[in-house]
Amino acid sequence: MRLDERLRFWSFVLLGDEDICWWWTGHRATQGYGRFWRGSGRTIAAHRIAYELYRGPIPRTLTIDHRCHTVECREGVECAHRRCVNPAHLEAVTMRENLMRGNSSAAVNAAKTHCIHGHPFDEANTYLYRGERICRTCQKAAMRRYEALHREQRNAAMARKRAERKRALVAGGP
């Protein structure tokens with residue numbers, strides 16, 4: 001990045017000590033992240049530029065996570081940490097790790113240690129089906145209920161058929 005672009009970039013930042021957030025004061029996208037115009041009609045996330053200026057290129061397989069952003073941040077796009085460009089608060093991580101550190105539904109579900117009925121999500125009691133954890137204890141109970149319901153329906157259907165055959169025999173049918 002050219003020197004004049006760097007100076008322009010930092011002119012949009014409220015600098016402070018390394019342990020506090022450095023706030024982006026320039027344009028923000030609808031998701032709340034700062035955006036910086038690099039010319040030729042292209043804007044780039046401000047936190048990505050700050051990371052690259054201090055730490056170097058971001059590997060293609062990684063994304064930038066705001067370490068100052070915590071699970072307690074429940075403000076969504078209004079979360080102030082999305083404006084932070086302090087390189088000490090930024091870390092290159094996989095997208096999965098970034099999501100798991102946040103409060104997305106995937107992160108909330110991954111943090112669960114028990115199913116909704118209180119059975120543990122452990123190796124013996126859990127299996128994966130289409131990427132979802134299934135509780136073996138709950139699944140067995142659901143199968144018992146299903147089989148009991150269908151057993152009753154099957155028995156009722158068989159009783160109707162026996163009664164129909166009996167009526168047909170009494171009426172002189174085959």
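Helix 2 (residues 46-55) has five names on its buried list: Ala46, His47, Ile49, Ala50 and Tyr51. Buried here means under 20% relative accessible area, exposed means over 50%, and partly exposed is in between (1.4 Å probe, protein chains only). This is a predicted model, where local features need pLDDT of at least 70 and side-chain atom pairs count only at pLDDT 80 or more, while totals for chains, interfaces and linings use all residues. Residues are numbered from 1 along each chain as its sequence is written, and side-chain values use heavy atoms, with hydrogens and water left out.

**Around helix 2**
- The cover over the buried residues of helix 2 includes helix 1 (3-10), strand 2 (23-24), strand 3 (35-39) and strand 4 (42-45), along with strand 5 and strand 6.

**Overall fold and shape**
- The protein chain has five helices and eight strands; these are DSSP runs numbered from the N terminus, with helices being H or I of at least four residues and strands being E of at least two.
- Read from the N terminus, the order is α-β-β-β-β-α-β-β-α-α-β-β-α.
- The radius of gyration is 30 Å, whereas a compact globule of 174 residues would come in near 16 Å. That figure is taken over C-alpha atoms, and the globule rule is 2.2 Å times the number of residues to the power 0.38.
- The C-alpha trace spans about 105 × 35 × 30 Å along its principal axes.
- Of the 174 residues, 26% count as buried.
- Among contacts with a separation of 6 or more, 49% come from residues 24 or more positions apart.

**Surface and charge**

**His89 and its neighbours**
- His89 sits in the loop between strand 5 (63-66) and strand 6 (90-93), and His89 is buried, with a relative accessible area of 9%.
- Leaving aside residues up to four places away in sequence, His89 touches Glu18, Asp19, Ile20, Cys21, Asp65, His66, Arg67, Cys68 and Cys84.
- A polar atom of the His89 side chain lies 3.3 Å from the backbone oxygen of Glu18. A polar contact is a pair of N or O atoms within 3.5 Å; within protein, one must be able to donate a hydrogen and the other to accept it, and residues adjacent in sequence count only if both atoms are side-chain atoms.

**Loop residues worth a click**
- Gly26 is in the loop between strand 2 and strand 3, and Gly26 is buried at 17% relative accessible area.
- Gly26 and Val13 are 13 residues apart in sequence, with their C-alpha atoms 7.7 Å apart.
- Arg28 is also found in the loop between strand 2 and strand 3, but Arg28 is partly exposed at 31%.
- Arg28 and Arg82, 54 residues apart in sequence, are 9.3 Å apart C-alpha to C-alpha.
- Arg130, in the loop between strand 7 (126-129) and strand 8 (132-135), has a positive phi of about 55 degrees although it is not a glycine.
- Arg130 is exposed, with a relative accessible area of 75%.

Conventions:
Contact = heavy atoms within 4.5 Å.
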